[in-house]
Amino acid sequence: MRKLHLIFILSLLLSASLFAQGAGSAQSQPTNQTSFIDPANYTRTAMRFERGGVVFVNSDVFFQLKSVDKDTGLDKIEYAINEGTFQNYLNPFNLIEEGYQIIRYRGIDNGDNVETTKVFQVYVDNTAPQADVQTDRALYVSNGVNYASARTRFYISAVDNESGSGVKSTYAGTQISSLEGRGDGTRKTANFFSLTEEGPNVLYYSAMDNVGNLARVRQFNVTIDATPPTVKVQPSNNLRFRNGVYTLIPSEELKTEDGKLIITSRNLLGFVAEDNLSGVRAMYVKVNDEDFVQYYQPIEVKGATEYVIQVRAEDNVGNVSEPITFNFLVDSITPESTIELINRDGTPVEGQ
Ligand SMILES: [Ca+2]
Ligand SMILES: [Ca+2]
């Protein structure tokens, strides 16, 4: 009884040489350790990955067939790809076509004994994952500019191609030559990160699958707004601000007390807010003991009461200013008016 012993080996092509690799050469699983990558200097190498008994390779992996016959000696090895016909094996070969592939192979000895055909099944994956920038809250978009706050949490989502080896890691960073590992492409706390530098940011991002296919680096432009709006009293022809004190014209002769504004009745108190980047979304006012309500228009003051008004504003990415307190006094003094009879030139009319 003659026996054929065939050994099937996956060989990895490194540089110009072939090195036989054992079955344990799968890439390590993602870890919690931070890793960095320089995409411009990254070159995919031969990689094999196994999950649940399914083997994935990229097209840099070459297949080498070996067989040994102890009796009459080996004549040849034949192999066939998928439904193709058997051909003589001469040199290691790789698989270019992506997806599920079957390699059938058999040895034939000098006594024309044909080994029972063996089958090796493999998925070829040369396609990088699809990566995208995601946030935990909606961005504010104005004039084509994306705005986010310093509290906005980002993550890189990534999905590998169907029948692919799966996402190994996403990468992102503001330095294109040093992208940081950002997790497995799913939405979870460990994968979130923030951008804290105020102003325009360019976020570069990519993702790699388990057989080393790295997605082309893309960039996401976002402006970080970390500063809440500022609020102040609305400028008015009736108001003057001098020496640290508000004075209302024509009540200029009235004194102010402790920096409080003296105004006349039937006046309106207006407030304005300014924001540095994303713009003001809303203002809120609190009049005396009332609750904060959204501010839409100047507040009409009535009666000779004291007004304590707090004002705060929120920008379009959710930064809310601390309340600013303004004190106002309502001037209820009725002006004393007189009437005089005069000539066109302003001189008193005779007979008065
Ligand atoms: Ca893939
Ligand atoms: Ca702002």
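1. Strand β4 and strand β5 (residues 54-57) run antiparallel and are joined by 4 bridges. Strands here are DSSP runs of E of at least two residues, helices are runs of H or I of at least four, and both are numbered from the N terminus. Two strands count as paired if DSSP finds at least two bridges between them. Within this pair, R48 stands opposite V57 in β5.

2. This is a predicted model, in which local features need pLDDT of at least 70, side-chain atom pairs count only at pLDDT 80 or more, and totals for chains, interfaces and linings use all residues. Residues are numbered from 1 along each chain as its sequence is written, while chains are lettered from A and ligands numbered from 1 in the order in which they are written.

3. The β4-β5 pair belongs to an open sheet of 6 strands with mixed pairing, in the order β4-β5-β11-β10-β7-β8. Its edge strands, each pairing on one side only, are β4 (48-51) and β8 (87-88).

4. Another open sheet, of 7 strands and also with mixed pairing, has the order β3-β17-β16-β18-β19-β14-β13. Here β3 (36-37) and β13 (140-142) are the edge strands, and each pairs on one side only. Strand β16 (residues 167-173) pairs with strand β17 (residues 179-181) in the antiparallel sense over 2 bridges. A172 has E180, in β17, as its bridge partner.

5. Q219 lies in strand β19 (residues 218-225). Is Q219 buried or exposed? Q219 is exposed because 11 other C-beta atoms lie within 10 Å; the cut-offs are 20 or more such atoms for buried, 12 or fewer for exposed, and partly exposed in between, with C-beta atoms placed from the backbone. Leaving aside residues up to four places away in sequence, Q219 touches V202, L203 and Y204. A contact requires C-beta atoms, placed from the backbone, within 7 Å.

6. For the chain as a whole, the secondary structure comes to 0 helices and 30 strands. Of its 352 residues, 26% count as buried. Among contacts with a separation of 6 or more, 66% are between residues 24 or more positions apart.

7. Confidence is given as pLDDT, the predictor's confidence in each residue, from 0 to 100. The chain has a mean pLDDT of 83, and 77% of its residues reach 70 or more. Over residues 249-254 the pLDDT is below 50, and this stretch has 9 contacts in the model beyond near neighbours in sequence.

Terms used:
Contact = placed C-beta atoms within 7 Å.
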